[in-house]
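Student: I would like to go through this structure and ask what lies behind the words used for it. Can we take the terms one at a time?

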Amino acid sequence: MELSNQKKTEAKKLNVTTQYLVMADLCAIGYSEADAYAIAYPENIALAS
């Protein structure tokens with residue numbers, strides 16, 4: 001997943017990973033934690049189940 005420079009800068013300012021920021025944004029707009037995790041961390045999809 002390629003993120004915008006704006007999101008990369010925001011994550012750096014907040015001292016969090018970009019994946020964490022993506023997950024937080026998805027939860028904020030109504031995704032369940034499990035769905036947001038699956039999208040933000042696709043390499044760990046087996047853990048989200």
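Student: In what order do the elements of the protein run from the N terminus on?

Tutor: The model is a predicted one. From the N terminus on, its elements run α-α-α, and the protein has 3 helices and 0 strands.

Student: Why is Ile29 called exposed?

Tutor: Ile29 has a relative accessibility of 64%. The word exposed is used for values over 50%, so Ile29 counts as exposed. Ile29 lies in the loop between H2 and H3. With Tyr31 and Ile39, Ile29 forms a nonpolar patch on the surface, with about 310 Å² of accessible area together.

Student: Which residues of helix H2 are buried?

Tutor: In H2, residues 18–28, they are Leu21, Val22, Met23 and Leu26. To be called buried, a residue must have under 20% relative accessible area. The buried residues of H2 pack against helix H1 (5–14) and helix H3 (33–40). In the protein, buried residues make up 18% of the 49 residues.

Student: What makes H1 roughly perpendicular to H2?

Tutor: The axes of H1 and H2 cross at roughly 100 degrees and come within 9 Å. Angles of 65 to 115 degrees count as roughly perpendicular, so H1 is roughly perpendicular to H2. Where these helices meet, the residues of H1 include Lys7 and Leu14, and those of H2 include Leu21 and Asp25.

Student: Why is the pair of Asp25 and Lys7 called a salt bridge?

Tutor: The closest N and O atoms of Asp25 and Lys7 are 2.8 Å apart. A salt bridge needs a side-chain nitrogen of Lys or Arg within 4 Å of a carboxyl oxygen of Asp or Glu, so the pair qualifies. Asp25 lies in helix H2 and Lys7 in helix H1, so the pair ties together parts that are 18 residues apart in sequence.

Student: How far apart are the closest N and O atoms of Glu10 and Lys7?

Tutor: They are 3.2 Å apart, and Glu10 forms a salt bridge with Lys7. Glu10 and Lys7 are 3 residues apart in helix H1, so about one helical turn separates them.

Student: Why is Lys7 called partly exposed?

Tutor: Lys7 has 26% relative accessibility. Salt bridges that share partners join Lys7, Glu10 and Asp25 into one network.

Notes. Residues are numbered from 1 along each chain as its sequence is written. This is a predicted model: local features need pLDDT of at least 70, side-chain atom pairs count only at pLDDT 80 or more; totals for chains, interfaces and linings use all residues. Side-chain values use heavy atoms; hydrogens and water are left out. Buried means under 20% relative accessible area, exposed over 50%, partly exposed in between (1.4 Å probe, protein chains only). Helices (H or I, at least four residues) and strands (E, at least two) are DSSP runs, numbered from the N terminus. Contact means heavy atoms within 4.5 Å. Patches are made of residues with over 30% relative accessible area and no salt bridge: like charges are joined within 9 Å, nonpolar side chains (Val, Leu, Ile, Met, Phe, Trp, Tyr) within 5 Å. Accessible areas come from the Shrake-Rupley method with a 1.4 Å probe; for residues, only the protein chains shown count as cover. Axes are lines fitted to C-alpha atoms, for helices over the stretch in contact, and angles run from 0 to 180 degrees between N-to-C directions. Angles under 35 degrees count as roughly parallel, over 145 as roughly antiparallel, 65 to 115 as roughly perpendicular and the rest as oblique.
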